[in-house]
Amino acid sequence: MKFSDGYWLGKDNYIINSPIEAYDTSVLTAEESGQKSKTLVVNSSYQQLKTRSDMLDVGNSTISLFSPAPDIIGVELKHFDQDDRNPLYDLVQSTVNAEINTSDQFANYRSGDLEVNIPLHDQFRMDFKYKGNRITGSELKAQASIDDLSGQELGQVMHPNTVIGAQALLRDGSVKWADHFMREQLSLLPGTKVYGFGETFGPFEKNGQSIDIINRDGGTGSNQSYKSIPFYLAVQPGVKGQKKNKCYGVFVNESQPTSFEVATEVVDRVSFSTRGESLEYYIIAGDSPKDVIGKYNKLTGGSTLPPEWTFGLWLSTSFTTDYSEKTVMKFIDGMAERDIPLSVFHFDCFWMKGFEWSNFEWDKAQFPDPSGMIKRIHDKSLKVCVWINPYVSQKSRLFKIGKENGYFIKKSDGNVWQWDLWQPGNAVIDFTNLEAVSWYQGLLKHLLDMGVDCFKTDFGERIPLHDAIYSNGGNPEGEHNFYAHRYNKAVFDLLKQEKNNGEAVVFARSATVGGQQYPVHWGGDNLSQFHSMADTLRGGLSLMSSGFTFWSHDIGGFEENASAAIYKRWTQFGLLSSHSRYHGNIQYRVPWLFDEEAVEVTRKFSKLKQELMPYIYSEAKESVKEGIPLMRPMYLEFSDDANCSGLDRQYMFGSKILVAPVMTEEGEVDYYLPEGKWRHIIDKREMTVGNHGQWMAETYDFLSLPVWEKI
């Protein structure tokens, strides 16, 4: 969100107040602050304090500095001490022996090798240094407490049930309601590249973009995101043998929608703002991008290793296709007859009757013996996944139960919050209600008892922002993004409880901070087109830059009918991804329905993934241990090679395998090999690349692609 009119002025209807002078400090013990470290509190005035009269009619920001782990410093900016009723992300904190030094001239806070310095009784600024080198800072007037006076007369409320809002006395004597925001702007060193913000499908390097952290169901071809993460990684690329890269992460610990201006409002800063009277963020420093992402990953809960069988090929019924046990078994047997290894069969929405989602009952007209069918699938050494979502149609038998027991999100008038999008009269499960969670889990347990192995936790983005009442009294703006966390946690916790140790897995679409604890996530509704392959990969690499470890996507694209060329090229990409699933909307995704070569491609690459499984699972374990992604952007593995900073059509699959998906029907592909000795996994040729790297332009048939192993 932009509040400025150029560099110096604010836009009309905004009153912008910024800390001008930090004038005193205090130190709180860990017990006093509720943190795992000592806290330094710095009070800053919105005007320079030359005389005692300057202490009248002036606002303040209270800045608290604390540390949840070494090399991480948390910053809370507070105007008024208000309870915004937003849920808090669960952070894993360790005891930190923070160092605090203050004098009449400065205040300094240090955690590990990261420190922040604030001058006192002088122009306000905050400088963050890692191992003595400045990595970022908050300049004079970068922080701000902002009143939005956009014409709302006193007595009107901008957002129902939103507690933020205050009376503001204007210079002409009139009084209006002010919507209030807090803002920070952190400087970027020259040449710094910015990555992250979750699964975003626009340009991979985020410099020059405006990004709103709010989960939406917008497909993979828009600027909306199913997995919005208020975290970014700032990297100043290094040059091998000459200079190290400087890097750090910024995590904004706010669950309500947060707006980022990445070198757009002020071109050498990242601005971020959110509605309310306070703003909390963390600076995370490290020696490399891997180091920084690993620290962020651990801070937000760490990753969970999925069971080994999940890394095999998943086959779906697809969405609106007609399917029954006969169809399902025909596809499963067809894969076996063609010697194509399969690991999981997935039943999408229509395993339940239409208009009744969700009732968690098999459509007996199509599946008269679901328990027997599941056993027959298990007898073929396959796992079974079924689609679920957190919405209940008014036609479902569960609607009356949920309504009578208060299991749904409500409106301010006490009625159930409903709409007709997706299913008629849809209600939304209220996961802040522990009884509703238990009820929902009980419905799923019945399916597990029947033999189901895991769930595709679809949706969780279309959650009301306004006029929504939750059981816990939470602010609907804060609960919106957090909903994905509550939803996936409820399902994952049940699977952990009911399955053997380490067997829990979901296939989730929505996520928020900490979602990497509940793998696996897939990339949502893409198109059956080559450009959508590129969009999908950019989104995945951005998610992998945001603390997530595992990721998948719909092979062949979800929407539309896929051409044979799309199917075969996407099969190569999908089977060289963390997790691999065929899925579509209106078209079955079995290879023999495309052409015989598609069968050969599917067989070859599913077997290749099987052959690579010892490597893949070993790398997966190491990735979880280190808190880094299994599918890695090139800059992450080669941070001292500036040529890798913008590469978004290739990636490292673990630490040793480079993959460059072919995104053309003709097979033309260009990519980059960094310095080192490489062996092509398919055609076995070897290349030794010098310290300047090697750009490649090649043409591949459908049975090959650039997939190189570093040797």
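# Notebook: a look around the model

I started with Phe360, which is buried at 5% relative accessibility. My cut-offs, from a 1.4 Å probe and protein chains only: buried is under 20% relative accessible area, exposed is over 50%, and partly exposed is in between. Before going on, I noted that this is a predicted model, where local features need pLDDT of at least 70 and side-chain atom pairs count only at pLDDT 80 or more, while totals for chains, interfaces and linings use all residues. Residues are numbered from 1 along each chain as its sequence is written, and side-chain values use heavy atoms, with hydrogens and water left out.

What is phi doing at Phe360? Phi is positive there, about 60 degrees, although Phe360 is not a glycine. I found Phe360 in the loop between E24 and H4. Those labels are DSSP runs numbered from the N terminus: helices (H or I) have at least four residues and strands (E) at least two.

That loop between E24 and H4 also holds Ser358. I checked the peptide bond from Trp357 to Ser358, and this bond is cis, with omega near 0 degrees. Another cis bond joins Pro519 to Val520, with omega about 15 degrees. Val520 sits in the loop between H7 and E29.

I also looked up His121, a non-glycine residue with a positive phi near 55 degrees. His121 belongs to the loop between strand E10 (114-119) and strand E11 (126-130). Is His121 buried or partly exposed? At 48% relative accessibility, His121 counts as partly exposed.

**Two helices side by side**

Next I turned to H3 and H4. Two packed helices are described by the angle between their axes and the distance between the axes. Helix H3 (residues 325-337) packs against helix H4 (residues 370-378) at about 0 degrees, with 12 Å between the axes. For the record, axes are lines fitted to C-alpha atoms, for helices over the stretch in contact, and angles run from 0 to 180 degrees between N-to-C directions.

Which residues make the contact? H3 brings Glu325, Val328, Met329 and Ile332, and H4 brings Met373, Arg376 and Ile377. Contact here means heavy atoms within 4.5 Å. Sorted by class, the contact has five nonpolar residues, two charged ones and no polar ones. My classes: Ala, Val, Leu, Ile, Met, Phe, Trp, Tyr, Cys and Pro are nonpolar, Asp, Glu, Lys and Arg are charged, and the others, Gly among them, are polar.

The buried residues of H4 are Pro370, Gly372, Met373, Ile374 and Ile377. I looked at what covers them, and the cover includes H3, strand E24 (344-347), strand E25 (383-388) and H6.

**Cysteines without partners**

How many disulfides did I find? The count is zero, where a disulfide is a pair of cysteine sulfur atoms within 2.5 Å. Cys385 is in no disulfide, and the nearest cysteine sulfur to it, that of Cys454, lies 3.9 Å away. Both sites are tucked in: Cys349 is buried at 2%, and Cys385 is buried at 1% relative accessibility.

**Salt bridges**

Side chains of opposite charge can pair when their charged atoms come close. I got 44 salt bridges, each a side-chain nitrogen of Lys or Arg within 4 Å of a carboxyl oxygen of Asp or Glu.

- Lys193 pairs with Glu205 at 3.9 Å, N to O. Lys193 is in strand E16 (residues 193-198) and Glu205 in the loop between E16 and strand E17 (209-213), twelve residues apart. Lys193 is partly exposed at 25%, and Glu205 is partly exposed at 22%.
- Asp453 meets Lys499 at 3.7 Å, N to O. Asp453 is in the loop between helix H6 (434-450) and strand E28 (454-457), and Lys499 is in the loop between helix H7 (476-498) and strand E29 (521-522), 46 residues apart. Asp453 is buried at 9%.
- Asp595 meets Lys568 at 3.0 Å, N to O. Asp595 lies in the loop between strand E32 (580-582) and helix H10 (596-626), and Lys568 lies in helix H9 (residues 564-574), so the pair ties together parts 27 residues apart in sequence. Asp595 is partly exposed at 25%, whereas Lys568 is buried at 4%.

Last, I noted one network: Asp217, Asp458, Glu461, Arg462, Arg509 and Asp525 are joined by salt bridges that share partners.
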